Structure formats: structure tokens, C-alpha cells
Amino acid sequence: MQRLADFLDGVSRVTASIVRWLALLMVLVQFAIVVGRYVFGVNSIAAQESVLYMHATLFMLGAGYTLLVDKHVRVDVFYAKASPDGRRRIDIFGHILLLIPSMLVLLYWSWPSVRNSWKILEGPISVGGIEAVFLLKTLIPAFCILLVLQSLSLLIRLFLTRPDAARADA
């Protein structure tokens, strides 16, 4: 089970190591857009949409890694004051009853839209924009799958580090 968790963590790490470069590319493209518009009087809707595509890709595909490194948004009302075992229980509850089901529901309900978008190769958001909205919509199921995989990895680790398992080994 440890190998499976390591493999799933690796998926998140590799994905993050690729998409993190979009942050730099986004800044450079946005800088070029601003210079082009205000210095040269040139504007490109496709270039502006490319920033939107990169931003969406960065955040949607980087969400699994964010969960891996525990930098996601968390409401610490109970969690901050909980014991390590209490935190473990909250994490298990959150993964099994909140995160995984919500991602599976989102995947289920978004899939027809993504499938139809690919079927017609859905065009640009704006006239003159990038003719690949189908790629943008594909980020939704990818986001769901990456979060479920990372959640499963964290659940494996939570169950491997059970307090009663530690006592049984002693």
C-alpha cells in the first residue's frame, strides 16, 4: 500500500513540476500583452485568453499537489485545537465523506459537457480567441481525477499510521 501511495504522490509531484512553469509563462505573456497594448497599440484576444488558459491549467492541475503538501484552504475551527488522533479522524472524514464524493459528483455532472465540447471541438470564448474551449473544459475532469488520486494517497497514509497499528507494532 505504501508503494501505491508513493506512486500517487509521484503523479501529483510530476504534474506540479510541469504546470508550475505556467506561472512564469503567464507573467511573461501578460507583460507582453501590456507592453503591446500601451506601447505599440497592439491587442490580441488570443494572447489574453492564453493567460486565462494558463491560469486555469495551473490551478486545476496543481490542486492535487496543493493537497499533497497540505497548503490547501482549511477551516481550522476544530482542526487547530484537535489532538493528532482527532486531526487524523477529521482528515479521514473529510476525504471519505466530503472530498472524494464531491469530486466524483463533479466528474459525473461535468462529463457530458466535456464530451460534447470535444465532439464539436468547441471554439473560442471570444471572437478572435483560442479555438480550444474543449481543452479548457477538459481541465474539470482532470482536476477531479487528480484530487481523488491524491486523496486516496493521503487516506492510505492515514490508515497506515493508525494509532492502534503503532501500538500493535510496539
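L121 sits in the loop between α4 and α5. In this predicted model, L121 has a positive phi of about 45°, although it is not a glycine. Most residues other than glycine have a negative phi. D70 also has a positive phi, near 60°, and is likewise a residue other than glycine. Its place is in the loop between α3 and α4. D70 counts as partly exposed, because its relative accessibility is 42%, between the limits of 20% and 50%.

**Salt bridges**

Side chains of opposite charge can pair when their charged atoms come close. How many salt bridges does the count come to? The count is 5. The table lists three of these pairs, with the distance between nitrogen and oxygen.

| Pair | N to O distance |
|---|---|
| R157 and D6 | 2.6 Å |
| D9 and R157 | 2.5 Å |
| D85 and R88 | 3.7 Å |

Start with R157 and D6, whose side chains meet in a salt bridge. This pair links distant parts of the chain. R157 belongs to helix α5, and D6 to helix α1, which covers residues 2–19. The two are 151 residues apart. R157 is partly exposed, with a relative accessible area of 22%. D6 is partly exposed too, at 41%.

R157 also forms a salt bridge with D9. D9 lies in helix α1 and R157 in helix α5, so this pair ties together parts that are 148 residues apart in sequence. Is D9 buried or exposed? D9 counts as buried, because its relative accessibility is 5%, and buried means under 20%.

The pair D85 and R88 lies within one helix, α4. Being 3 residues apart there, D85 and R88 are separated by about one helical turn. D85 counts as partly exposed, at 25% relative accessibility. R88 is buried, with a relative accessible area of 14%.

Which residues do shared partners join into one network? Salt bridges that share partners connect D6, D9 and R157 in this way.

**The largest pocket**

The largest pocket has a volume of about 680 Å³. Which element gives the most to the lining? The answer is α4, with 7 residues.

In total, 20 residues line the largest pocket. Of these, L67, H72, R74, D91 and H95 lie nearest its centre. By class, the lining has 13 nonpolar residues, 3 polar residues and 4 charged residues.

**A nonpolar surface patch**

Next comes the surface. Which residues make the nonpolar surface patch of about 560 Å²? The patch is made by V34, Y38, V39, F40 and V42. One of these residues, V34, lies in helix α2, which covers residues 21–38. V34 counts as partly exposed, because its relative accessibility is 36%.

**In brief**

R157 in helix α5 pairs with D6 in helix α1, and R157 also pairs with D9. Helix α4 holds the pair D85 and R88, and α4 also gives the most residues to the lining of the largest pocket. Positive phi values occur at D70 and at L121.

Key
Residues are numbered from 1 along each chain as its sequence is written. This is a predicted model: local features need pLDDT of at least 70, side-chain atom pairs count only at pLDDT 80 or more; totals for chains, interfaces and linings use all residues. Side-chain values use heavy atoms; hydrogens and water are left out. On a 1 Å grid over the protein atoms alone, a cavity is a set of points where a 1.4 Å probe fits but cannot get out, and a pocket is an open set with protein on both sides within 12 Å along at least five of seven lines; lining residues have an atom within 4 Å of a point. Grid points are joined across faces, edges and corners, and a volume is the space filled by probe spheres set on the points. Helices (H or I, at least four residues) and strands (E, at least two) are DSSP runs, numbered from the N terminus. Ala, Val, Leu, Ile, Met, Phe, Trp, Tyr, Cys and Pro count as nonpolar, Asp, Glu, Lys and Arg as charged, and the others, Gly among them, as polar. Patches are made of residues with over 30% relative accessible area and no salt bridge: like charges are joined within 9 Å, nonpolar side chains (Val, Leu, Ile, Met, Phe, Trp, Tyr) within 5 Å. Accessible areas come from the Shrake-Rupley method with a 1.4 Å probe; for residues, only the protein chains shown count as cover. A salt bridge is a side-chain nitrogen of Lys or Arg within 4 Å of a carboxyl oxygen of Asp or Glu. Buried means under 20% relative accessible area, exposed over 50%, partly exposed in between (1.4 Å probe, protein chains only).
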